[in-house]
Amino acid sequence: MKKLSNSIKILCLGILLFLSMGNHANAAELPDAQTENTVVDTRPNYVIYVNRALNCVTIKQLGEAGTLTPVKSIVCSCGREGSETPEGTFRTSDYYEWRKMVDSTYGRYAVRFNGKILFHSVPYMKESPDSLEWEEYNKLGQNASLGCVRMSVKDAKWIYDNCKPGTTVVVYSNAEEAGELGKPAAIQIDENSSYKVWDPTDTDINNPWVTGQEEYRPFTGTKDEFNHVAYADRYPDLKNAFGYDKDALYEHYIAFGMNERRIAVSY
């Protein structure tokens, strides 16, 4: 009986040892299985610099050796007085194709980087691309938001598509230097445009800025009625060439601007 009991004990011990080895084998295989299922984000690494004083963004690609190469500049609207965009260094986290804002408007291609502070498009009245707050769009390049960093749909989508979670964001103030690539000119939407509820940079197939040609309304007033300041501010190339010279700007509009379908308005 003792020999039989000992044999049973040895058999049970062998079974336990076998099962234990099997468990160890499975545990050893687990990291490999996890490694196979891990998706590696192969997008380049970027650092996003937000100059809240001049309302512009410079995006730099981070090289393997730690080098930073400027690749894109964006005109934006940071927080207005009393709702300033906080300075500091942060990282992107959550991404939303549409995001409801604190004032019940909606932002497109929103990317969170500091609590309630996000990158996103100029606000829309509803979750629809044909409900743009065009008056706010015309404030790009000025402090206008409640703390977030607003930009055109095209630029917001670039960050949404190209800057992966964990991207470093540096918010700073420098009223003297916009960044290596400068500050792009902001697009202005004419208040009389029938397309004004659409972002001109939106590639949506239904966007009339993309699919159609807006009816052009030439300025037909006199030189005294011609708003030369607005004309120069709308077109940086003319402002660089003529400054605010009313005679030169009016002559340009009559000789060239009308044929080029440039927008001119009265006072």
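## Lysine 223 and its salt bridge

Lysine 223 and aspartate 247 pair through their side chains in a salt bridge, 3.0 Å from N to O (a side-chain nitrogen of Lys or Arg within 4 Å of a carboxyl oxygen of Asp or Glu). Lysine 223 lies in the loop between α4 (208-211) and α5, while aspartate 247 belongs to helix α7, so the bridge ties together parts 24 residues apart in sequence. Helices (H or I, at least four residues) and strands (E, at least two) are DSSP runs, numbered from the N terminus. Both partners are partly exposed: lysine 223 has a relative accessible area of 34%, and aspartate 247 has 40%. For these labels, buried means under 20% relative accessible area, exposed over 50%, and partly exposed in between, with a 1.4 Å probe and protein chains only.

A word on the model itself: it is predicted, so local features need pLDDT of at least 70 and side-chain atom pairs count only at pLDDT 80 or more, whereas totals for chains, interfaces and linings use all residues. Residues are numbered from 1 along each chain as its sequence is written, and side-chain values use heavy atoms, with hydrogens and water left out.

## Around lysine 246

Lysine 246 is part of helix α7 and counts as partly exposed, at 22% relative accessibility. Apart from neighbours within four places in sequence, lysine 246 is in contact (heavy atoms within 4.5 Å) with Lys223, Asp224, Phe226, His228 and Tyr267.

## Other salt bridges

Side chains of opposite charge can pair when their charged atoms come close. The structure holds 12 salt bridges. One of them joins aspartate 155 to lysine 72, with the closest N and O atoms 3.3 Å apart. This pair links distant parts of the chain, helix α3 for aspartate 155 and strand β3 (residues 68-75) for lysine 72, 83 residues apart. Aspartate 155 and lysine 72 are both buried.

Aspartate 161 and lysine 157 form another salt bridge, at 2.6 Å between the closest N and O atoms. These two share helix α3, four residues apart, about one turn of the helix. Aspartate 161 is partly exposed at 33% relative accessible area, as is lysine 157 at 29%.

## Aromatic pairs

There are 14 aromatic pairs, taking rings of Phe, Tyr and Trp (its six-membered ring) whose centres lie within 6.5 Å; planes under 30 degrees apart count as stacked, over 60 as edge-to-face and the rest as tilted. Tyrosine 109 and tyrosine 160 make an edge-to-face pair, 5.2 Å centre to centre with 70° between the planes. Tyrosine 109 sits in strand β6 (residues 106-114) and tyrosine 160 in helix α3 (residues 153-162), so this pair connects parts 51 residues apart in sequence. Tyrosine 109 is buried, at 8% relative accessible area.

The rings of tyrosine 231 and tyrosine 253 are also edge-to-face, because their planes stand at 90° with the centres 5.7 Å apart. Here helix α5 (residues 228-234) supplies tyrosine 231 and helix α7 supplies tyrosine 253, 22 residues apart.
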